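Welcome to this short tour. Please open your viewer and keep the selection tool at hand.

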Amino acid sequence: MSIESQITDLRAELPEEVTLVAVSKTYPASDIRKAYDAGQRVFGESRPQEMKAKFAELPADISWHMIGHLQTNKVKYIANFVELIHSVDSLRLLETIDKEAAKNGRIINVLLEIYIASKESKHGWDSEELSQAIAEGAFERFPNVRVKGLMGIASFTDDMEQVRREFTELKELFVSLKETFGKEFDTLSMGMTSDYQLAIECGSNMVRIGSRIFGARDYSEQS
Ligand SMILES: *Cc1c(COP(=O)(O)O)cnc(C)c1O
C-alpha cells in the first residue's frame, strides 16, 4: 500500500483525540513529502542532525517531534524549531533544553520518558525517581520548558497482557501527575506500529507510527 493510503487509512481509523506522529526516521525527505501531501503534518525523528536537515528541506508548517534518546550536546541542533521532545529522561537534559530554549527565545514542550518495559528501553525515569525529583521541586527550575505529559515504550513481546499492564501503569502515573504539572499536562504518548491499538484502549492520545506507514526501515546507510 502507498504511503498516501496508509496515512488516509490511519487517520480514518484513529479516534479524533489521538494525534498521529508519523515516525520518519531513516526515510528520505521524498517519503515525508508523500505523507505531507496526504495531509500529515506531525513527524517524529530520532536523530537531531537528520531532523535538522529534513526541517531545512521540507515545508515550514511541519511539526517536528524528537522521539529518540537525546544527548545534551545535540539539543542545539533542534532547539530553534522542535515542537515536542518526547524523550526527556534526566534533569541534566531538561536543564540543557531549558538553556537552549532561552537562547532561542522560546518555550520548548517536552514529555518525560518513563521506563515501563521489562528490558527493551534502557532510558527513562522510574516512578520513584520521578516522585523524588518532583518532591525536591526540580521541575520548577526550568521556566523555558513546558512539561506536557509522558511517553513510554512497551516491551517488544507477543505477550499482549504484559504490554497492557505496562500501558496501564503509564496511564495511571499520567493521571496521578496531572495535579502536579497543571492543565497543560495533557499528552500521553504511547503506542507504535505493533501495539498502537492496545495503547489507545489503555488511554494513549498520541501514537508514534513508522513502519506501518513507510515500510520496513533500512538502517544500513546510517553511521
Ligand atoms: C522508531 C520508533 C517508533 C516507531 O516504530 P514503528 O514500529 O516503526 O512504528 C516509535 N517510537 C519510538 C521511540 C521509536 O524510536
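This is a predicted model: local features need pLDDT of at least 70, side-chain atom pairs count only at pLDDT 80 or more; totals for chains, interfaces and linings use all residues.

**First stop: a loop**

Select Asn205, which is found in the loop between helix H7 (196–201) and strand S8 (206–209); helices (H or I, at least four residues) and strands (E, at least two) are DSSP runs, numbered from the N terminus. Residues are numbered from 1 along each chain as its sequence is written.

Which backbone atoms lie 2.8 Å from a polar atom of the side chain of Asn205? Show the backbone oxygen of Asp186 and the backbone nitrogen of Leu188. Not counting residues up to four places away in sequence, Asn205 also touches residues including Glu17, Val18 and Thr19 (contact means heavy atoms within 4.5 Å).

**Second stop: the ligand**

Now select the ligand and display the residues that surround it, among them Val23, Ile67, Met192 and Arg217 (a residue is near a molecule if one of its heavy atoms lies within 4 Å of it). The shell divides into five nonpolar, three polar and three charged residues.

Next, look for oxygen atoms of the ligand:

- In the side chain of Thr193, an N or O atom is 2.4 Å from a ligand oxygen.
- At Ser211, a backbone N or O atom lies 2.8 Å from a ligand oxygen.

On its own the ligand has 390 Å² of accessible area, and the protein covers 89% of that (Shrake-Rupley method, 1.4 Å probe).

Methods:
Side-chain values use heavy atoms; hydrogens and water are left out. A polar contact is a pair of N or O atoms within 3.5 Å; within protein, one must be able to donate a hydrogen and the other to accept it, and residues adjacent in sequence count only if both atoms are side-chain atoms. Ala, Val, Leu, Ile, Met, Phe, Trp, Tyr, Cys and Pro count as nonpolar, Asp, Glu, Lys and Arg as charged, and the others, Gly among them, as polar.
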